[in-house]
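Trainee: Hi! Could you walk me through this structure, one piece at a time?
Mentor: Happy to. Let's bring it up and start.

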Amino acid sequence: MDARSVEELLSQLARATDSDTIRNITSTLNTQVYVSPECIPALVQVISNSPMFEVRQLAAVELRKRVSKWWLKIDDAARVPIRAQLLQVVLSEQHNLVRHAIARAISSIARIDIAENKWPELLSFLNQASSSATVGHREVGIYCIYTLFEVIAEFLMNQTGHLFELFSKTIADPESQEVRATTVLALGKLAEFIDPEDKDNINAFKQMIPAMVNVLEASLKENDDKNAREIFEVIENLFMLDTPFLSEHLADLIRFLLTVASSHELDDSLRELALNSLMWGSIYKQSKIKSLKLVAPIIESIIPIGTEEDPEDIDDDSPSRAAFKVMNALASNMPPQQIVPIMMPIVVNYMQNQSPGHRKAAMMSVAVIIEGCAEFISTMLKEILPIVCAGLQDPEMIVRRAACMALSCLAEELPVEMAEHHQAIMPLVFNLLNDTNPEITKHACNALDPMLDGLEGEVLQYLPMLMEKLIWLLDNAQQTDTKATALGAIGSAAHSAGEGFQPYFNEVMPRIRNFMSATDGTDEALLRGVATDTAGAIAEAVGAEVFRPHTQDFMNLAIEQLTLDSPRLRECSYAFFSVIAGVFGEEFAPFLPTIMPAILHSCKAEESNEPNLETEIDLTVGDEDEEDLDEDDLSGLNFNSAIADEKEFACDALGELFENTRSHFLPYVDESLQALVEATGHLFDGVRKASLGSLFAYIKTFYSLSSVSDWVQGLPVNYPVHENVQKILQLAIPTVLTMWSDEDDRMVAVQICKELIQALKLMGPCVVADHVEEISDHILEIFEKRSTCQETYDVEDVIDEDEEAESESLLIAAAADLVAALCETIGQGYISYFNAFLPQIAKYYASITFKSTKGPGERLMATGCLGECIGGIKSGVTPHTETLLQLFLKAASDEEETVRSNAAFALGVLVANTQTDLSQQYGSILSVLHPLFENQTFPGTTDNASGAVARLILAHPNAVPLDQVLPVFLNALPLKSDFAENEPVFESLFYLFRANNPFVMGHIPQFLPIFSSVLSNEEQLGDATRAQLIELLRALNAQSPDLNLGSSELGRFL
């Protein structure tokens, strides 16, 4: 192959400016040059001889690409001079970009040859070059070593002693900043391959850290932007690695980064890089930062950076915005006790500062920590809210905008607590909706949306003024974002107001329709999607009768969206279909033939890679074998999250549609069921959750379509189960269990437990009849922290401890609830499994000894679960009576009231079900129950204590000191919230009346208002208990005519 003709083609390509010429030359190269091994020596000749650096660079790039395919097709003898020529030319090349391209071509050959020991002289050559007296040679040598780490890292890791010796010299090169900086990059690569247990290499690396920071500092002083950026990336990577390279130098490194971030002499982009490094350090080295007491210095250094001016474009970066990202990372990964008390005095101080930048920083500091410190902040809301309200009234726009963001975050994270302060907040938000600055109105709407969700019925008092302002914004706002947020706020208002939204229905719907009709442009698509969501919220609020005249029109618009080539709009349509089906039920069925093909198509859609039009297309790349692709070449195979989101909504819609249209949906069941089964294995957890939910919706809908009779406890199943229900269970439950075995997302595993619980409570043991052992094995894996979704990193620094603890706690609680449901539905047939689970559940009462759990939540779970289990297995609890009694007695005096409440219930059911005579323990039991009858925050606590006392009376009435207990018992009636406890309470009263107990017979007038209260509310008593109470009243009326029951409120029940 003639090297001169190859050079001429590459010269034409380098000079070409139009796409047709580029395409034609590229085609010639791909079909005539790159189809033969001869292209390798030809490209090397071009690199050696072309006078144009652009051509030499292009030839080197092409050589790197072709090596993987053709190098081994060249004779061994011919390869030797090529290697030698490349080493010679890389030393003599003067242009940096060309040198780098040649170095990468050398690396691509080394990847093949080093493994076969075909190029033993390469490393000695690079060592000599890196130690040469000629600075250019040192730059080439160290850069080649750096690129070799990308291809033969495992081989180089056998040379670490020599490499550290070399790097200790090159990192202090007296002449070349490039040598020093490239050494840092090479060390960054080396760090990735050092094992966390390799103490020798870790210690050697630690000794390099100060010098690495010195190189970064020099790059910053010399305004060497390129090298500084690359070294900052190395620092970030060191933060993220498990290996403790930074442990001894972390404090100094953090202080250095804070100094750089605070330096106004540096370019803003470099300060942002320092702040980004601090952010990653806050996430991945949280434990070390806490132990070194660095949280306060970081906060005190970065809040002043937040006072700086921000660019107009919200998408542009700035030191101020980067500083708040660090604050957010700290708040999300550190204990709130180390964040809020340090920050709040600064916030108060800044709010009194005359500089708007300081007041803006104060508000933004509050906004960014709320998500990570929500629970702690909820206890300080009375202190923080007045500060935010002051910010909402600030004369400066940047302060009001930041205060709106703080208010929005508070409303999203603390909806219940914030709703209590609506009278102070809502007038301020209304004022902001009148603001002349469109940015403020947009942020006011953003703050308003979550506030409305928390208001519920309280929203009605604000609706007239609220709707007037929101409709005005729809008609007059210039910014698309403002209109979209106003639309969302209208949907939230409708959701909270319910039927109270009807007076505004006719005024709003034409505007919603107008936005749903838009078809052109990105802005219109955004508005159309939000309008669709809002239309659904309004339909749900006002109900079928009011919405019916508009149904066909809005359904047509939602169906039209399916053809607009927008995954986001298809999502909105599927959600709208689900809502409208829920509003109209079987009346929705005529739309199914129109919408189901699109929904099924989305469920089956492949997340194929779509071209990224924002990246340059390299027209010089020829066809290569799949196995020859570099890792970089695979970067385009990105997961298409837009299609995955669309699939999630489509899968979710299937369950909603079947539940609401019932038998009309049956023609679509087989095809859709197959799609749902396949979707349970999807990469995206949202799709798995949606498909799981719909599978169980199918199960429950088939069950409700069958002639349902009450299920019966126990296995084998001894109640009729329709054939269709059996078939869906035979398909769905094994699919779910297969999914559970491989599930790596804890929240999906939580949903599996919850779906099984709901199905068990509705349908009984038929749900799990053939799978009890497999399900129980999965539960045991969770309790023993062996399930797939509990596998995590061993190194403490790389996890978010709060998030880890929360998801772990939810998972354990869901598994425990599933055990209780299995006990309830299977009964004594589940005793052997309960015996195995008991120690696993009971240990969580002492959860304060388990680092990864939160004490009160776990203690609450353990006591609640065990009480429910006892109610299911009944006398099967007997062998565990003493163990559980001691646990419940301790829990009844727990510092957390909700735990005490659960313990009271559990004590009652234990006494009621065990065959062990606990009458000798009544003194101890009553002594821990007695405090629960007074000064309790939650009414359910006393209700559960009342139920427990009732069960004690029923089990061993003679062991209860009735003359002391009954006055307290009577005073707690009627029950206030937990009406399920009315069953034992009234059963015990019936017993006492039958026994002519002196106390109850002497206090009949005091019992009558209690009887009237429970009979007046049909939800408080079961049918049998209600009938017995009426019989008691009739007996009392006959026995004591002087009570005049016939003329009282109770007369209607006689």
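Trainee: What are the percentages of helix and strand over residues 884-922, and how far apart are the end C-alpha atoms?
Mentor: Residues 884-922 are 67% helix and 0% strand, and their end C-alpha atoms are 15 Å apart. Helices here are DSSP runs of H or I with at least four residues, strands are E runs of at least two, and both are numbered from the N terminus.

Trainee: What should I know about the model itself?
Mentor: This is a predicted model, in which local features need pLDDT of at least 70 and side-chain atom pairs count only at pLDDT 80 or more, while totals for chains, interfaces and linings use all residues. Residues are numbered from 1 along each chain as its sequence is written, and side-chain values use heavy atoms, with hydrogens and water left out.

Trainee: What about residues 384-422?
Mentor: That span is 82% helix and 0% strand, with its end C-alpha atoms 15 Å apart.

Trainee: And which residues does the "domain: Importin N-terminal" annotation cover?
Mentor: In the unreviewed UniProt entry it covers residues 26-92. Over residues 26-92 the chain is 81% helix and 0% strand, and the end C-alpha atoms are 29 Å apart.

Trainee: New topic: helix packing. At what angle do helix 1 and helix 2 cross?
Mentor: Helix 1 (residues 3-15) and helix 2 (residues 19-33) cross at roughly 155°, and their axes come within 9 Å. Axes are lines fitted to C-alpha atoms, for helices over the stretch in contact, and angles run from 0 to 180 degrees between N-to-C directions.

Trainee: Parallel or antiparallel, then?
Mentor: Helix 1 is roughly antiparallel to helix 2. Angles over 145 degrees count as roughly antiparallel, under 35 as roughly parallel, 65 to 115 as roughly perpendicular and the rest as oblique.

Trainee: Which residues meet there?
Mentor: From helix 1, V6, L9, L10, Q12 and L13 meet I22, I25, T26, T28, L29 and V33 of helix 2, where contact means heavy atoms within 4.5 Å. The residues of this contact divide into eight nonpolar, three polar and no charged. Ala, Val, Leu, Ile, Met, Phe, Trp, Tyr, Cys and Pro count as nonpolar, Asp, Glu, Lys and Arg as charged, and the others, Gly among them, as polar.

Trainee: How do helix 32 and helix 34 pack?
Mentor: Helix 32 (residues 567-584) and helix 34 (residues 641-661) pack at an angle of about 15°, with their axes 9 Å apart. That makes helix 32 roughly parallel to helix 34. Their contact has eleven nonpolar, three polar and five charged residues.

Trainee: Now loops. Where is P716?
Mentor: P716 lies in the loop between helix 36 (685-705) and helix 37 (723-742). The peptide bond from L715 to P716 is cis, with omega near 0°. The bond from L973 to P974 is also cis, with omega near -5°, and P974 is in the loop between helix 47 (962-971) and helix 48 (982-994).

Trainee: What is phi of K785?
Mentor: Phi of K785 is near 60°, a positive value in a residue other than glycine. K785 lies in the loop between helix 39 (772-783) and helix 40 (801-826).

Note on methods
UniProt positions are given in the numbering used here, feature names are shortened, and annotations may be inferred rather than shown by experiment.
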